[in-house]
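Hi,

Here is the structure I said I would pass on. Have a look through it first, and my notes follow below.

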Amino acid sequence: MNTFMQAELKRKPSTVYFSDIVGYTRLMGKDENAAFELMRENLRIHQEVLANFRGKLIKELGDGILAVFDSAIDALHASLEVQKRCIAHGQYQLRIGLQSGEVIFDHGDIFGDAVNVASRIQSVGIPSSIVFSEKVCKETYQYQAFQTVKLGGFELKNVDHTLELYALTNPPLAIPKRSEVLGNIKYQEGSPWKYRSGIAAIIVLFGALIYSIYWGDTTWKKEKSVAVFPFELLDENAELDYFTEGLTENLIGQISKINSIKTISYGTMSGFKNLNSPLDSIAEVLGVNTILKGIVQQLNQGYRFKLQLIDVKENKNIWTDEYTREGTDLTLLQNEIAREIARILDARLTAEEAVQIGKGETTNAEAYDLLFKAKRLYNEAFEDPTLFSEAEVLLKSAINLDPNYALAYTLLAKVYFQIAFDDPNGPWYDLSLKMSQKALQLEPKLAEAFGARGMVYYDLGQYINAKNSFETALSFYPNLSDAIGNLASVEFAQGNLVKAIDLQTKSLNLGPNSYTPYQNLGWIYKILGNYQEAHLWFDRSLDRNEVPATHELKAFTYIQEGKADSALFLAERIKKMDYVGYKELGFIYFYSHEMDSAFQSFEQVMQGFEGGAYPRYSSVPIAYSYLLKLKGKSLQADSILNESILVKKNAIDQGYEDYYLPLELANAYAIKDQFEESLKYLQMAYERGWRDYFFTEFNPIFSDFKKDPKYAKILYQLQKDIREINEGFIGNSLERSQ
C-alpha cells in the first residue's frame with residue numbers, strides 16, 4: 001500500500017501562500033450578507049491575481065485562501081498585488097503568510113510541513129502585512145524590487161524549531177514590529193489564552209461527556225448511505241438546467257467512488273427532480289440514511305452553492321456549508337464535497353479511492369461546461385437518437401479546449417457505442433474503442449473508460465474481454481453502477497448464475513428505480529425453478545417500467561408452471577400497450593402453441609427487415625420459418641433459414657462468444673431435420689453458458705428431440721448444474737440462520 005501511494009503522489013518544491021480576512025467573524029456579526037459579499041470579492045481578487053502570477057488556488061478555508069506557487073518570486077509579486085487591491089478596496093484587511101518547502105500534491109489538495117508553517121506565519125502577522133520565512137527570503141533576496149525587514153526568530157505553535165521571519169516593506173504595506181508579532185503569539189499561546197482555552201476545553205469535554213451519556217457520540221454509527229437530490233436553481237432558469245444536472249451527476253460519481261458509502265446512482269436520482277414527497281418516505285424507498293440537498297445561485301462571476309446533509313431518521317441537518325466558485329474551481333469543489341461527505345459519515349478512504357476522486361477531470365471551465373451540455377444530450381438521446389450526434393460535436397469541442405480531458409473522451413466513447421445500435425456496420429464500435437483507449441492513455445486507472453470499453457466488447461460478443469474490462473473498472477471504482485449491471489449480464493450469459501444474482505442485487509441497491517436488474521433477477525429465478533420468487537421480481541420490474549420483454553419472461557414462467565391461460569392474459573396486456581412488442585407477443589403465442597396468432601405477430605416483425613437482412617441476434621426469422629414449414633411453405637422457410645444460419649455462423653467466426661448464437665443455430669438445424677448438426681450447436685450453447693432449458697423443453701421445434709439420448713445427456717447436465725446451484729442456496733441459507 002505504501003509503495004502504491006508513493007507512486008501516485010506528486011512532490012515538488014513550492015511556495016505556499018496563506019491569506020486570511022482580519023476580523024471576519026466580527027463582520028459576519030454586523031452584516032452577514034455584506035460579509036459574504038466581501039468574501040466573494042476577496043476570492044475574485046485572488047483568482048485574478050493568481051492567474052497573472054502563475055499561482056494555483058487550492059481551496060477556500062472559510063474566509064481564508066490557500067494557494068501555491070512554483071516560484072517564491074511569483075508568490076511575493078502576487079502577495080503584494082493582492083494587498084494593493086485589498087487596501088484600495090478599503091472594506092476589509094488581509095494578513096498574508098508565505099513558506100517555501102517540498103509540498104505533496106494529491107488530486108486538488110496539498111500537504112506537507114510548508115503548508116502548516118505558512119498557516120502559522122499568516123496568523124501572527126498584522127493587518128495589511130506580508131510575512132514570510134527565511135527560506136522565502138533566501139530565494140528572493142537578489143530581486144531588488146522587494147524591500148524587506150528582518151523581524152527575528154520566533155517560536156510558533158506546532159513548529160518544532162525557531163523560525164526566522166521577515167516582512168515585505170513595499171508601499172502601501174503595513175510593517176509589523178517584532179513586539180506586535182510577539183503580542184500575537186502571546187495572545188494565541190500565552191497564559192491568558194491558555195487559561196481561557198483551558199476553561200473552554202473543560203466545558204467542551206464536560207459537555208461531550210454529558211452528551212455521550214444521554215445522547216451518544218457524534219461518530220456516525222448507522223449504515224453509510226446517501227442519496228444526492230438533483231441540485232435546485234435559486235433563480236429559475238431553464239437554460240441552466242443542464243448545469244445543475246451535470247453537477248449532480250458528477251458529484252454522485254465522485255461520492256460513489258467511496259466503496260463504504262452506498263450512493264444511489266444518478267439514473268435513479270434524476271427522477272426525483274422537483275419531487276415534493278416527504279424525505280423519510282423517499283429515503284425508505286431508496287434504502288438510505290442521509291440525503292444531500294443543494295441550492296445553486298448564479299452570480300456575475302461564478303456560482304454560490306448552499307448544501308445540507310440530512311439525517312432522515314433524526315430529521316436534522318448533520319452538515320451544512322456554503323461555497324462560492326468560478327468555473328475553474330468547480331471540479332475541485334465536487335471533489336471537496338465528496339471528501340467532506342466521507343468525513344461526516346466516518347468513511348475512511350483507501351489509497352485507491354483517494355486517487356480515483358477527481359480522476360480524468362479538467363480545469364478548463366469552458367470544456368467542463370461543454371461536457372455538462374453533452375451529458376444532458378446523451379441522457380435525452382435515448383428518446384431521440386439524433387441527439388447523440390449533437391453530443392459528439394460538443395465533446396469534440398471540449399477536447400479541442402483540453403486535449404487531456406480524459407472524461408470527455410470517455411463520454412465520447414459511450415456516444416459512439418450508442419450510435420452503433422442504429423448503424424452496427426458503421427465505424428462506431430472502432431471509434432468507441434479508440435476514444436476509451438485515448439482516455440486510458442491519459443489516465444491508466446480511469447474506471448469509467450474501462451467501463452465504456454467493456455460495453456463495446458459485450459456488444460461485439462467478446463465476453464472475456466468485456467468481463468476483464470468491467471472487473472478492472474470495478475477494482476478501481478467498486479460502486480460504478482453501469483459496470484456492475486453489465487458484469488452481471490456477462491456472468492449470466494456465461495452461466496454463472498450465483499455471481500449474476502449477487503451483482504444484480506448490488507446494482508438494484510445502487511439504482512433501485514431501474515427496472516433492468518429486477519427483470520434479470522426474475523429471469524434467473526425462473527431458470528432455477530423458483531417461480532414465486534421469479535414473479536415477485538418481474539412484478540417489481542413492471543412497477544418501475546412496463547416493457548413487453550418483462551411481460552414475455554413472466555409469461556414464459558407461467559408456461560413453465562403449466563399455466564398457459566395466465567401467459568395468454570399477459571399477451572393481451574402487451575396488445576394494449578402504447579408500444580406493442582410484436583416479437584414478445586409472437587413468442588408468447590409460439591410457446592403457448594397458438595400458432596396462427598404467433599404467425600401474425602411474427603409477420604409484423606419480418607416486415608421490418610429490409611431486403612432480407614436479418615440481425616444476428618434476432619430469433620424471429622427462425623421461429624417464423626418453422627411456422628412457414630407447418631403451412632407447407634418449405635422453400636420460403638428454407639431460404640430464410642439459410643440466410644439466418646449464414647449470419648449467425650459468420651458472427652461466431654468473427655469471435656462472438658455468447659450462447660445465443662449456437663442456440664439459435666440448433667433451432668435452425670432442427671427445423672431443417674439436421675439433428676446431428678443441431679445437437680452439435682446445442683452442446684456448444686451449453687458449454688458457453690446456456691442454462692435456461694425452457695427454450696428447448698417447451699419449444700415445439702424440439703418436440704422430436706425428447707427421446708434422443710444425446711439431447712437427454714445435454715439436458716441432464718444442464719439440470720444437474722441448476723440443482724447444484726439450488727442446493728448451494730439452501731446451504732447458505734442454513735448457515736445464515738445458524
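This is a predicted model: local features need pLDDT of at least 70, side-chain atom pairs count only at pLDDT 80 or more; totals for chains, interfaces and linings use all residues.

Let's start with a helix pair: the axes of α17 (residues 428-442) and α18 (residues 447-459) come within 9 Å and cross at roughly 155°. Axes here are lines fitted to C-alpha atoms over the stretch in contact, with angles from 0 to 180 degrees between N-to-C directions. Angles under 35 degrees count as roughly parallel, over 145 as roughly antiparallel, 65 to 115 as roughly perpendicular and the rest as oblique, so α17 and α18 are roughly antiparallel to each other. Their crossing is left-handed (the near helix is turned anticlockwise from the far one by less than a right angle). On the α17 side, the contact (heavy atoms within 4.5 Å) includes Tyr429, Leu433 and Leu440, and α18 brings in Phe450, Arg453 and Tyr457, among others. By class, that contact has 8 nonpolar, 3 polar and 2 charged residues.

Residues are numbered from 1 along each chain as its sequence is written, and side-chain values use heavy atoms, with hydrogens and water left out. Helices (H or I, at least four residues) and strands (E, at least two) are DSSP runs, numbered from the N terminus.

Now the cores, meaning buried Ala, Val, Leu, Ile, Met, Phe, Trp, Tyr and Cys residues joined through side-chain atoms within 4.5 Å. Buried is under 20% relative accessible area, exposed over 50%, and partly exposed in between (1.4 Å probe, protein chains only). The largest nonpolar core has 185 residues, and Phe243, Leu292, Phe590 and Trp690 have the most contacts inside it. Helix α16 (residues 406-422) gives the largest share of this core, 12 residues. Apart from it lies another core of 35 residues, among them Ala75, Leu98, Phe132 and Leu168. Leaving out residues up to four places away in sequence, Phe590 touches Met595, Phe602, Tyr626 and Pro700, among others.

Pro171 and Pro172 are joined by a cis peptide bond, with omega about 5°; Pro172 sits in the loop between β8 (163-168) and α7 (178-189). Arg54, in the loop between α3 (32-52) and β2 (55-61), has a positive phi near 60°, and at 59% relative accessibility Arg54 counts as exposed. Asp346 also has phi near 60°, but is partly exposed at 27%.

Cheers

Definitions and conventions. Ala, Val, Leu, Ile, Met, Phe, Trp, Tyr, Cys and Pro count as nonpolar, Asp, Glu, Lys and Arg as charged, and the others, Gly among them, as polar.
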